[in-house]
Amino acid sequence: MNEIKANLILDAKGLACPMPIVKTKKAMTTLEAGQVLEVLATDKGSTADIKAWAGSTGHQYLGTLEDGDVLKHYLRKSSGEEATERKHPNVATNDELLTKLQNNDSIVVVDVREAAEYAFDHIPNSQSIPMGELESRLNELNKEDEIYVVCRTGNRSDFAAQKLAENGFTNVINVLPGMSQWTGETKSINN
Amino acid sequence: MTVKAMTSKEVTTKVFNKEKLFVLDVRNEGDFQDWKIEGENFSYLNIPYFDLLDGVEEIMNELPSDQEILVVCAKEGSSIMIAEMLSDEGLEVSYLQGGMKAWSEHLEPVKVGDLENGGELYQFVRIGKGCLSYMVVSNGEAAIVDATRMTDVYIQFAEGLGAKITHVFDTHLHADHISGGRTIAQNTGATYWLPPKDATEVIFEYQPLENGNDVTIGHTTINIHALYSPGHTIGSTSFVVDEKYLLSGDILFIDSIGRPDLAGMAEDWVKDLRESLYERYRKLSEELIVLPAHFMIIDELNEDGSVSEKLGTLYAQNHGLNIDDENEFRKLVTENLPPQPNAYQEIRQTNMGIISPDDEKQREMEIGPNRCAVR
């Protein structure tokens with residue numbers, strides 16, 4: 001099974017409810033906004049509880065992988081990214097990108113969310129380059145390509161698009177709002 | 001203050017006695033809405049335990065000071081934590097021992113009545129899930145009908161009465177709960193009876209239960225007549241015990257009737273269901289006391305906690321027995337049905353012996369209400 005990158009791994013194996021959530025809550029406070037936590041648990045009820053807890057606290061529940069008896073839950077700490085102002089001028093809507101994909105236009109879709117976010121829900125054939133790795137992985141992209149940058153809500157992709165433009169990429173488009181409202185086909189590590 | 005454990009048996013007593021109880025259910029909202037502890041005079045607050053990790057101050061003014069408070073969760077761990085937090089705030093509270101898991105498994109035996117020539121009939125009320133099973137006892141022998149998977153309860157109960165279990169029946173192939181019939185038969189050497197039309201796919205030996213079978217418990221004192229009454233399943237069979245009681249399985253309930261769709265055959269079985277309810281049962285004495293395999297709502301419990309009613313009264317009051325128009329009847333039992341029971345396909349396969357999940361898995365499969373009826 002593919003490994004999914006996380007900033008912190010919490011081992012809550014063998015613990016019964018409520019301990020997996022109690023420990024998850026504590027671990028979350030040590031993370032920075034936007035970072036990913038992986039929780040290992042064996043309590044079957046933990047999936048529903050982590051999902052509901054994330055919903056009520058504003059953190060992002062990304063998904064769960066089953067590895068034998070162990071459940072691996074992935075969460076992303078809430079980032080408050082909705083508030084920032086976007087600067088990259090060249091933008092497209094989700095629908096515009098969807099049309100391009102349906103027409104099989106020769107474009108490149110770069111997903112700059114964390115690897116764990118990408119793993120559970122992404123556009124087929126999109127390329128995963130998490131924001132934090134972009135600078136060191138610019139050589140994986142071609143400067144002349146028509147590059148659509150997506151994230152969850154359009155903010156990280158805005159930064160990424162700016163970064164690409166600064167580095168000489170000429171045809172970079174930020175997709176708004178991004179995966180949070182994506183209605184087209186997606187792929188997940190679970191199917 | 002110390003936190004007390006309350007057992008499912010104690011809660012059952014409160015349900016039967018219509019006592020007051022304030023239930024603080026700390027499971028997820030969805031789980032609570034789907035299935036909770038029901039009591040006529042119970043009141044509720046549902047707030048997930050994980051919303052209270054920083055403290056219980058915010059709910060203190062929603063909790064009564066003049067009523068017993070019971071904290072409930074799925075398995076008990078979270079309810080103990082929340083109960084202790086409330087206790088630190090000066091409240092005296094209890095938690096449900098074993099949580100909803102234990103509640104789902106609790107069986108409360110209630111004596112339904114004495115039989116001719118000294119026998120007794122007991123109903124086992126599975127209060128948390130609405131399943132009803134039966135034990136007929138006579139002259140040192142016992143028969144069990146529609147046993148749940150908590151087989152020790154029946155075996156110990158029979159031992160307590162000094163009775164040997166000789167016959168075990170299932171009225172039909174159950175889809176809402178895992179039958180304990182086969183296990184009890186294996187452990188006691190009793191004969192396990194199943195309607196053959198429901199048992200075409202079972203992979204174990206059983207005694208075919210057919211219309212007109214008479215089984216005797218004790219010294220020829222109690223007769224159990226099998227009465228073929230299809231509709232919930234094609235094999236569904238009722239029993240007339242001692243010419244006084246009608247064990248109706250999942251065909252007829254107190255305030256509802258059986259649903260024909262759980263084996264995927266709703267359209268085909270509607271006619272059978274109607275014929276069983278409107279013709280076969282009609283020919284029986286109205287004085288028979290109906291003992292169903294389920295109750296749906298807590299209002300169906302009698303004063304003593306048992307679930308029963310005279311057949312004549314049901315013909316007068318049960319809506320499902322009073323629909324003259326066949327199309328209307330068809331609509332009632334095939335359209336707008338309640339959701340199907342949790343894991344009902346896997347439960348059917350378990351009851352056929354095709355799959356053998358472990359105890360933990362069986363528990364999980366049975367979680368939730370039974371939903372075998374339509375009203």
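UniProt positions are given in the numbering used here, feature names are shortened, and annotations may be inferred rather than shown by experiment. This is a predicted model, in which local features need pLDDT of at least 70 and side-chain atom pairs count only at pLDDT 80 or more, while totals for chains, interfaces and linings use all residues. Residues are numbered from 1 along each chain as its sequence is written, and chains are lettered from A and ligands numbered from 1 in the order in which they are written.

View 1. An unreviewed UniProt entry lists residues 103–191 of chain A as "domain: Rhodanese". Within that span, 19% is helix and 17% is strand, where helices (H or I, at least four residues) and strands (E, at least two) are DSSP runs, numbered from the N terminus. Its end C-alpha atoms sit 25 Å apart.

**View 2. Chain A from end to end.**

**View 3. Inside chain A.** Buried residues (20 or more other C-beta atoms within 10 Å of their own, with C-beta atoms placed from the backbone) make up 37% of the 191 in chain A. Of the contacts with a separation of 6 or more, 69% link residues 24 or more positions apart; a contact here means C-beta atoms, placed from the backbone, within 7 Å.

View 4. Five residues from domain 1 and four residues from domain 2 form the contact. On the domain 1 side, strand 3 (60–67) and strand 4 (70–76) each supply at least two residues.

**View 5. Chain A against chain B.** Twelve residues from chain A and eleven residues from chain B take part in this contact. On the chain A side, helix 1 (19–29) and helix 2 (46–57) each supply at least two residues, and helix 2 gives the most, with five.

Terms used
Two residues are in contact if their C-beta atoms, placed from the backbone, lie within 7 Å. A residue is buried if 20 or more other C-beta atoms lie within 10 Å of its own, exposed if 12 or fewer, and partly exposed in between; C-beta atoms are placed from the backbone.
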